Amino acid sequence: MQCRHRISSTSLLILVVSLSVRSLFAGDLQIVPFNQDVTPELGQPVAYAPARKIVTPLYARGVVLLSDEAPVVLCAVDAIGIGNEGYDTWREKLAEAAGTTPERVAVHSLHQHDAPRVDFATGRILENEGLGGLKYDNAYGLQCIQKVASAIRKGLKQPQKVTHLGIGKAKVNKVASNRRLLGDDGKVRLMRWSKSKAPEAINAPEGVIDPYLRSICFWNGEKPIAVLNYYATHPQSYYGQGDVNYEFVGIAREARNEALPGTLNVYFNGAAGNIAAGKYNNGEPEMRPVLAQRIERAMQQAFETQQKVAVNSEDLHWKTEMTALPVAAHLDPEQLKSIIEDTSKTPRERASAAFNLVWYQRASQGHQIPITCLHLKSASILHLPGELFIEYQLKAQELAPCRTVCLAAYGDYGPGYICTEIAYSQGGYESSPRASQVAPQVEAVLNTAIEKLLKSAPEQ
């Protein structure tokens, strides 16, 4: 009789590598920082134009955590978005490299608007339509993954022991502001974008934001090994001409690397779907370093005021909620196909239709996205998809008031904007069919998953 369950050679290899790593370091928490250049070449597509200049390099960086559980990978990428099959492939290949499973890999974009998009299924559709390389470059995307996987494999040869965990928090002044300004009727009366010169937008209150940057620092004795920074805002100062750069959040991140030689600083973007710097940014080039300095100052303060506690392997707990997001009613696969095939449409319109079609096909077939949480002592780090509204981040913090809750959004980019239920009746860009590919019921679905994950935290 044949066995009813077969183990693939890849799964078996992952299991063997994972068990080998865990047996070597049982009892100790270990960390493997990695940092890989993923800068595109001139002429390759970035968000809104071909790359015409490399202002700064782009990076994919993060950490592998080794404990008595299977390894965990946390990766932040300088990209506008990694979605659908691109998101799956990133996680699968990094999991293979780290000796773990894809559900234990969190990959997040920082959402800079002069950085590439990655989705291999969308790229193939466009290639078949003669639009290969105009909006998506699949060869570039695969090369990035291979480079990062190699960096992880190399780093696993020399893991570092983690003796202490530092948890920090600091207020960021004059960066974030809510993009959606509501009128007396509860509808969006004005969109405050990433840059603004309109007095009404500048003078309006910040609105609902999370003003705090939170940090998680891994120490070996007195040596800080890696710092994970979390803050919620669209990171744009000015963009759109193909001048590749990691924006003001990247400038702040690199400044902290210079201030702490030998320590890897990683930045994750929080629930920034309806958050941007529009109140404080007029779009002039000189504002980029100003915004960067404000972020850097908060990173420094969070680091200097962090609370350190001893940590070991038993303090790491990874939890997963596989979640199917409800599909937006406006998505019409036949209409999307007609746009893709319509040569009178712009490449941007056809690429957008292809991306939405891929998402529709996956989601309508019940595809599930991993919503995950890493518990470490009194900190919980949530990993979520899409351009998530700030209300999800604030709700998560309310659900666990005794814990430090960090949130990384911009995981699977396929759903587009993920608004609150009421936002879909308020108007505005984010909740429009152009921007959001999920139904209003998404709020209840995600909040249920978030609550389950936060409740899974062990008592301290």
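Strands, like helices, are DSSP runs numbered from the N terminus (H or I, at least four residues, for helices; E, at least two, for strands). Two strands pair if DSSP finds at least two bridges between them. This is a predicted model: local features need pLDDT of at least 70, side-chain atom pairs count only at pLDDT 80 or more, and totals for chains, interfaces and linings use all residues. Residues are numbered from 1 along each chain as its sequence is written, and side-chain values use heavy atoms, with hydrogens and water left out.

- Axes are lines fitted to C-alpha atoms, for helices over the stretch in contact, and angles run from 0 to 180 degrees between N-to-C directions.
- Three bridges link strand E1 (residues 29-37) with E8 in the antiparallel sense.
- Leu29 stands opposite Val162 in E8.
- Contact means heavy atoms within 4.5 Å.

**The sheet from E16 to E18**
- Another open sheet of five strands runs in the order E16-E14-E13-E9-E18, with mixed pairing.
- Its edge strands are strand E16 (264-269) and strand E18 (307-310), each pairing on one side only.
- Here the twist averages 20° from one strand to the next.
- Strand E13 (residues 212-220) and strand E14 (residues 223-231) run antiparallel, joined by seven bridges.
- Cys217 stands opposite Val227 in E14.
- Helix H7 (residues 287-304) lies across strand E9 (164-171), E13, E14 and E16, at about 50° to E13.

- Gln301 is found in helix H7.
- Gln301 is partly exposed, because its relative accessible area is 35%. Buried means under 20% relative accessible area, exposed over 50%, and partly exposed in between (1.4 Å probe, protein chains only).
- Not counting residues up to four places away in sequence, Gln301 touches Ala170 and Lys171.

**Nonpolar cores**
- In soluble globular proteins, nonpolar side chains tend to be buried together.
- A nonpolar core is a set of buried Ala, Val, Leu, Ile, Met, Phe, Trp, Tyr and Cys residues joined through side-chain atoms within 4.5 Å.
- The largest nonpolar core has 99 residues. Ile216, Leu228 and Leu382 have the most contacts inside it.
- A second, separate core of 36 residues includes Leu58, Leu66, Cys144 and Ala151.

**Pocket and cavities**
- On a 1 Å grid over the protein atoms alone, a cavity is a set of points where a 1.4 Å probe fits but cannot get out, and a pocket is an open set with protein on both sides within 12 Å along at least five of seven lines; lining residues have an atom within 4 Å of a point.
- Grid points are joined across faces, edges and corners, and a volume is the space filled by probe spheres set on the points.
- The largest pocket holds about 1,100 Å³ of space.
- Its lining has 39 residues, and the closest to its centre are Tyr48, Arg348, Ser352, Tyr429 and Arg434.
- H9 gives the largest share of that lining, seven residues.
- There are three cavities of 30 Å³ or more.
- The largest cavity has a volume of about 40 Å³. Among its lining residues are Trp90, Tyr140 and Cys144.
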